[in-house]
Every structure is written in C-alpha cells, then in structure tokens.
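Please keep the sequence and the three-dimensional view at hand while reading.

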Amino acid sequence: MNMSPLRIQLWDTAGQERFRKSMVQHYYRNVHAVVFVYDVTNGTSFRSLSAWIEECKQHALGSEVPRILVGNKCDLQDSVQVGTDVAQQFADTHSMPLFETSAKNPNSQGDRGNSDHVEAIFLTVAHKLKSQKPLVLSQPPVGSGGTINLSKGGTEGGEGARSWGCSGGC
Ligand SMILES: Nc1nc2c(ncn2[C@@H]2O[C@H](COP(=O)(O)OP(=O)(O)OP(=O)(O)O)[C@@H](O)[C@H]2O)c(=O)[nH]1
C-alpha cells in the first residue's frame, strides 16, 4: 500500500431526530465513505439499516462511495439477536464487506473468532479511499469470500482529508 499519509475525518451521525433535522444536509456533504454500524444485540438497529442506505441514496451518494457494514457489541455473545449469516447476506446484497467487532472489549471472542477488527475496518476504509483495487488483510472481513491485500494497491486520488459517515449504532 502506498505509504503516504491519509487523513480521515469521521463523523458520527446524530441519532436523535431533533438534531438530524438541522444537521442532515451537513452530514452528507462531501462524504467519501460510509460505515454502517448496527448493534448485534439489537435487531431493530439491524433492521433500520435499510432506511440508512435509502437516506444515503436520497442524498445522492453514488455506488462509487465505499460502504462498510459493522456489527458492534459482539462481546455480548449471550445476547446476540443478529446472527452473522443474516448480516453477511445483507452485506452481500448491498456489496459491502462485513466486520463484527466490539468497541468495549476488542479482544473478546465472537463466534467468528477474535473480534478485534477495528484496525482492519480503518485499513479497509483507507484503502478503499485510496484505490478501488483488492487487498489482503491479516484479519479479513467476516465470511468474506474475497481477500483484501494491503500490500498491493494503486495510489490514484489526491491526498488530504477524506470524510466518512458512521450511521446506526455507532
Ligand atoms: N458491551 C458493549 N457495550 C457497548 C459497545 N459499544 C458501545 N457499548 C455501550 O452501548 C451504550 C451506547 O453507546 P454509544 O457509543 O453512546 O452509542 P451510540 O450509538 O453512539 O448512541 P447515540 O449517542 O444515541 O447515537 C454505552 O453504554 C456503551 O458503553 C460494545 O462493543 N460492547
């Protein structure tokens, strides 16, 4: 991967409607990538993903904008409501890589092994922003058929800040 630095600015969308009304246009301006985060212990957060995807579409985010799906709270294995298989199906339907992780306990063991995918998530986003070419990660996305190779990669695109949105349960 090209070694030049890439500065990423991460915006966490407001969950509350009263903030969203005034902020929503601002959020979607100049977004270069989107990370959809749901809570694996909350089926409602997973079901709301379609509405977030639709909202992106309505704000003219094209298919060239990379999207990543993240299931958070996978440390709470006893409370899981959204299985990996269902999430993977959704991710495949929307052509997104899926990661399961835990913001609270990144070293916990999910049903797909170690859940410390946070670095892999950032690397995937960074690479997708630098280039659309495939990469290999040391920790590939959950259930990924393809590989993501971080040692290769083109360098098209300029330097500078890239912003990406984070919606749902993040
Ligand atoms: N067990 C566990 N708890 C988590 C994890 N991530 C967040 N939490 C907890 O979930 C609660 C909500 O976390 P937030 O980061 O405020 O979630 P949010 O989606 O930003 O919430 P909004 O502010 O409403 O947008 C807090 O009590 C966190 O400690 C995780 O990976 N595992």
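Helices (H or I, at least four residues) and strands (E, at least two) are DSSP runs, numbered from the N terminus. The model is a predicted one, in which local features need pLDDT of at least 70 and side-chain atom pairs count only at pLDDT 80 or more, while totals for chains, interfaces and linings use all residues. Residues are numbered from 1 along each chain as its sequence is written, and side-chain values use heavy atoms, with hydrogens and water left out.

The protein chain contains five helices and seven strands. Followed along the sequence, these elements give the pattern β-α-β-α-α-β-α-β-β-β-α-β. Where two residues are said to be in contact, they have heavy atoms within 4.5 Å. Of the contacts in the protein chain with a separation of 6 or more, 73% are between residues 24 or more positions apart.

Burial is described by relative accessible area: buried means under 20%, exposed over 50%, and partly exposed in between (1.4 Å probe, protein chains only). On this scale, 44% of the 170 residues of the protein chain are buried. Accessible areas come from the Shrake-Rupley method with a 1.4 Å probe, and for residues only the protein chains shown count as cover. The protein chain exposes about 9,200 Å², of which carbon and sulfur atoms supply 51%.

In soluble globular proteins, nonpolar side chains tend to be buried together. A nonpolar core is a set of buried Ala, Val, Leu, Ile, Met, Phe, Trp, Tyr and Cys residues joined through side-chain atoms within 4.5 Å. The largest such core here has 23 residues, and Phe36, Tyr38 and Leu69 have the most contacts inside it. Two or more residues of this core come from each of helix H1 (17-28), strand S2 (33-39), helix H3 (49-58) and helix H4 (84-93). The largest contribution, four residues, is that of H3. A second, separate core has 10 residues, among them Val35, Val37, Ala120 and Val125.

The expected span of a helix is 1.5 Å times one less than its number of residues. The 13 residues of H5 should therefore span 18 Å, and the distance of 19 Å between its end C-alpha atoms agrees with this. The buried residues of H5 include Ala120, Ile121, Thr124 and Val125. Phe122 is also found in H5, but it counts as partly exposed because its relative accessibility is 38%. Together with Leu10 and Val118, Phe122 makes a nonpolar surface patch of about 240 Å².

Three loop residues complete the tour. Asn42 is placed in the loop between S2 and helix H2 (43-47), and its relative accessible area of 30% makes it partly exposed. Asn42 and Val82 are 40 residues apart in sequence, yet their C-alpha atoms are 7.1 Å apart in space. Apart from its neighbours within four places in sequence, Asn42 is in contact with Gln81 and Val82.

Asn30, in the loop between H1 and S2, is not a glycine but has a positive phi of about 60 degrees. With a relative accessible area of 58%, Asn30 is exposed. Lys73 lies in the loop between strand S3 (67-72) and H4; its phi is also positive, near 70 degrees. Lys73 counts as partly exposed, at 35% relative accessibility.

Notes
Patches are made of residues with over 30% relative accessible area and no salt bridge: like charges are joined within 9 Å, nonpolar side chains (Val, Leu, Ile, Met, Phe, Trp, Tyr) within 5 Å. A salt bridge is a side-chain nitrogen of Lys or Arg within 4 Å of a carboxyl oxygen of Asp or Glu.
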